[in-house]
Amino acid sequence: MLHSFFTCGAAQKYDFGVIDGGLAADQLDWLRSFGVHTIVKPDWPIAGLEGQPEWYKVCIGRPFFPNYFTDWDVIVYLDSDTWLQNSDAIDAAVEGAWQDGFAALPIADRCLWPLKVRTNAVLSMQWHKDCLEKYFGPEIAEQFQLHPIL
C-alpha cells in the first residue's frame, strides 16, 4: 500500500497518516523512514473494547478518526492491502468529500466473492446487528442493520 501511494504520485498531493493498530517498534521506524510523519496510537472512546485485538479496534473506531487527525481537512481511509495504480481514486474521494462533506466507497474485491457465497447470510446479518447494538445502541442498530458496511 505504502509503496503504491508514494510511487503513483499521491504522496506529492496528500499527507499519509497511519493508525497504529499494534505495530512493532521496527515497523514504526520503517514507516517514519519511508516518509510517514503522522502515526497515531488512539485511545478509543468506545466502551466494551477491552480485551479486543487492536486491528478490531481500528475497524470499529473508524468514525473517530477525525478526533486523531485534527489538523486534516479530509481523511481518506485505505486498508493496508490497498494498491494504487494512480492517484485517481484518492482524487475522486477527496473531491467527493469536499463537495458533499463525506465520501464512502464499498469494499470491492473479486477475491471476496467465494466467501460471500459460503457465508450464511442470516448469521452474518445478525452478527452485524449485534455489533452495531453493542457499540452504538439499539436505535442505531435497528436503523443501520441492513445497510452495507462501509
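The legends below describe a predicted model of one chain, first as a whole and then in several close-up views.

**Notes on the model.** Residues are numbered from 1 along each chain as its sequence is written, and side-chain values use heavy atoms, with hydrogens and water left out. Because the model is predicted, local features need pLDDT of at least 70 and side-chain atom pairs count only at pLDDT 80 or more, while totals for chains, interfaces and linings use all residues.

View 1. The chain has eight helices and two strands, where helices (H or I, at least four residues) and strands (E, at least two) are DSSP runs, numbered from the N terminus. Of the 150 residues, 28% count as buried; buried means under 20% relative accessible area, exposed means over 50%, and partly exposed lies in between (1.4 Å probe, protein chains only). The accessible surface of the chain comes to about 10,800 Å², and 55% of this belongs to carbon and sulfur atoms; accessible areas come from the Shrake-Rupley method with a 1.4 Å probe, and for residues only the protein chains shown count as cover. Among contacts in the chain with a separation of 6 or more, 46% are made by residues 24 or more positions apart, a contact being heavy atoms within 4.5 Å.

**View 2. The largest nonpolar core, with W44 among its residues.** A nonpolar core is a set of buried Ala, Val, Leu, Ile, Met, Phe, Trp, Tyr and Cys residues joined through side-chain atoms within 4.5 Å. The largest one has 13 residues, and I19, W44 and L49 are those with the most contacts inside it. Helix 3 (54-60) and helix 7 are the elements that give two or more residues to this core, and helix 3 provides the largest share, three residues. Leaving aside its neighbours within four places in sequence, W44 is in contact with I19, L49, E54, K57, V58, G61, F64, F65 and Y68. Apart from this core lies another, of twelve residues, which include M1, F16, V18 and L31.

**View 3. The salt bridge between D91 and K13.** A search of the whole structure finds six salt bridges, each being a side-chain nitrogen of Lys or Arg within 4 Å of a carboxyl oxygen of Asp or Glu. In the one shown here, the closest N and O atoms of D91 and K13 are 2.9 Å apart. D91 lies in helix 5 (residues 88-100) and K13 in the loop between helix 1 (2-7) and strand 1 (17-19), so the pair ties together parts that are 78 residues apart in sequence. K13 is partly exposed, with a relative accessible area of 47%.

View 4. Since E54 belongs to helix 3 and K41 to the loop between strand 2 (38-40) and helix 3, the pair ties together parts that are 13 residues apart in sequence. E54, at 25% relative accessibility, counts as partly exposed. Elsewhere, salt bridges that share partners join K41, E54 and K57 into one network.

**View 5. K129 and E133 in helix 7.** K129, in helix 7 (residues 121-136), is buried, with a relative accessible area of 18%. A polar contact of 3.3 Å joins its side chain to that of E142; such a contact is a pair of N or O atoms within 3.5 Å, where within protein one must be able to donate a hydrogen and the other to accept it, and residues adjacent in sequence count only if both atoms are side-chain atoms. Beyond its neighbours within four places in sequence, K129 is in contact with A141, E142 and Q145. E133, which also lies in helix 7, is partly exposed at 38% relative accessible area and, with neighbours within four places in sequence left aside, is in contact with P138 and A141.

**View 6. A nonpolar surface patch that includes F144.** F136, I140 and F144 make a nonpolar surface patch of about 230 Å². Patches are made of residues with over 30% relative accessible area and no salt bridge, with like charges joined within 9 Å and nonpolar side chains (Val, Leu, Ile, Met, Phe, Trp, Tyr) within 5 Å. F144 is found in helix 8 (residues 138-144) and, at 33% relative accessibility, counts as partly exposed. The C-alpha atoms of F144 and E133, eleven residues apart along the chain, are separated by 9.8 Å.
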